[in-house]
Amino acid sequence: MPFEQCKYIKTVMSDFNKDWFFAGGWAIDIFLGKETRDHPDIEIGIFREDQIELK
């Protein structure tokens, strides 16, 4: 199923009440609306001031 890994990360991050976003190859694929290749990892980004809360 398309974007299964991203859906899983969205679930994992659901309790994090700050802004976060997909980065790297997945961000491009989400923007395009299709998976263009296999991705060996998932990169996400958060703002520096929110790092402590994520930990």
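**Note on the core and the salt bridges**

1. The largest nonpolar core is made up of 7 residues: Phe-3, Cys-6, Ile-9, Met-13, Phe-16, Phe-22 and Trp-26. A nonpolar core is a set of buried Ala, Val, Leu, Ile, Met, Phe, Trp, Tyr and Cys residues joined through side-chain atoms within 4.5 Å; buried means under 20% relative accessible area, exposed over 50%, and partly exposed in between (1.4 Å probe, protein chains only).

2. This is a predicted model, in which local features need pLDDT of at least 70 and side-chain atom pairs count only at pLDDT 80 or more, while totals for chains, interfaces and linings use all residues. Residues are numbered from 1 along each chain as its sequence is written, and side-chain values use heavy atoms, with hydrogens and water left out.

3. Leaving aside residues up to four places away in sequence, Phe-3 is in contact (heavy atoms within 4.5 Å) with Trp-26, Asp-29, Ile-30, Gly-33, Lys-34 and Glu-35.

4. The structure holds 2 salt bridges, each a side-chain nitrogen of Lys or Arg within 4 Å of a carboxyl oxygen of Asp or Glu. In one, Glu-4 pairs with Lys-7 at 3.7 Å, N to O. These residues lie 3 apart in helix H1 (residues 4-12), so about one helical turn separates them. Glu-4 is partly exposed at 36% relative accessibility, as is Lys-7 at 44%.

5. A salt bridge also joins Glu-53 and Lys-18 (3.9 Å, N to O). This pair links distant parts of the chain, 35 residues apart: Glu-53 belongs to helix H3 (residues 51-54), and Lys-18 to the loop between H1 and strand E1 (20-23). Helices (H or I, at least four residues) and strands (E, at least two) are DSSP runs, numbered from the N terminus. Glu-53 is partly exposed at 47% relative accessibility, and Lys-18 is partly exposed at 34%.
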